[in-house]
Amino acid sequence: MIRKNFVQQTEKAYAKLNLTLDILGRREDGYHDLSMVMQSISLCDNVTIAPGDGLQVKSNLHYLPVGRKNLAAIAVERFYDGLGQSAPGMEITLEKRIPVCAGMAGGSSDAAAVLRLLNCAEEMPYTREKLKELAEKIGSDVPYCLMGGTALAEGRGERLTPLPAMPDCWIVTCKPKFSISTPELFARADQTRIAYHPDTAGMIAALKAGNLKDIAYRLFNVFEDVLPDSQRSEVREIKQALIDAGALGASMSGSGPSTFGIFAEEEAAQLAANLLQQQYRDTFLAKPV
Ligand code: C5P
């Protein structure tokens, strides 16, 4: 059972962006082998766990699943299943800021924050490696979200190699109004000949050199070319608006549709965010973390 000294605790769950996303092939298990350079950003949800009756999830978004369908609740169940125990009464509160279904791993990051909080509250029953194995069972992005920072994610997304931190910069993220189903986009990718791929080695070299311009120049996500025409045009328009406002580079994140630009200067980034916010409510100014 949860420890007697367990008290309410809050953890930040950071959003992630894909600096690169490449699909290497479809696997026998239905998943795809990927190669992605990931970056966490300061845009975050606050995840709070507190003793409660049963397992409840509350959030400031009325349309989020609140019961056991929420990844945060699944994380609680996996955590205690792994210890051979049933989950104790607990209330999870998600203060959401990361746009939902947006390619920024909001749900995965909330689940990872729950795993970190529980491991701490229960005085570390899992090693870091075991916690990562648990994360893998919850979702492909959850292992990365446990770790955060700058990393190369391979395999399903669970094979992680830390990379040098991104140089200081400003990032504007903007979510177009349409939503994308990740499995559907993977299915479209299977039916498309992907002509262009990111220069992943070049991106890693740019990170090692700490060269922001080279990093921004190499942003690339193969999913952009897989989007239906109207969605691809909207992502392109946002990218162009970011570039026109002074971004060094722009790309879509994950399976989208969130699109982001990297800026060297705060002022230009703030102006770009203000401009895009007029059309897109889910526009945020952030920094790498
Ligand atoms: O692992 P997760 O549940 O987040 O994945 C959601 C969906 O994305 C999967 O059901 C699968 O269709 C697709 N996916 C994939 N290959 C990956 C990760 C996700 O095909 N490496």
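The largest pocket here has a volume of about 900 Å³, and 41 residues line it. The ones closest to its centre are Ala105, Ser108, Asp141, Thr182 and Ser255. Keep in mind that this is a predicted model. The second largest pocket holds about 230 Å³ of space.

**Who builds the largest pocket**

**What kind of residues line the largest pocket**
- Sorted by class, the lining of the largest pocket comes out as 20 nonpolar, 15 polar and six charged residues.

**Who builds the second largest pocket**
- Helix 2 turns up again, supplying at least two residues of the lining of the second largest pocket.
- Helix 3 (128-138) and helix 4 (142-147) each supply at least two residues there as well.
- This time the largest share, four residues, belongs to helix 3.

**What kind of residues line the second largest pocket**
- Six nonpolar, two polar and four charged residues make up the lining of the second largest pocket.
- Among the lining residues of the second largest pocket you'll find Arg116, Arg128, Glu129 and Lys132.
- Its lining also includes Asn119 and Thr127.
- Tyr126, Leu131, Pro143, Leu146, Met147 and Leu160 line the second largest pocket too.

How values were computed. Residues numbered from 1 in each chain as written. Predicted model: local features only at pLDDT ≥ 70, side-chain atom pairs only at ≥ 80, totals over all residues. Heavy atoms only, no water. 1 Å grid on protein atoms, 1.4 Å probe; cavity = no way out; pocket = protein on both sides within 12 Å on 5 of 7 lines; lining within 4 Å. Points joined across faces, edges and corners; volume = space filled by probe spheres on them. Nonpolar A, V, L, I, M, F, W, Y, C, P; charged D, E, K, R; others polar.
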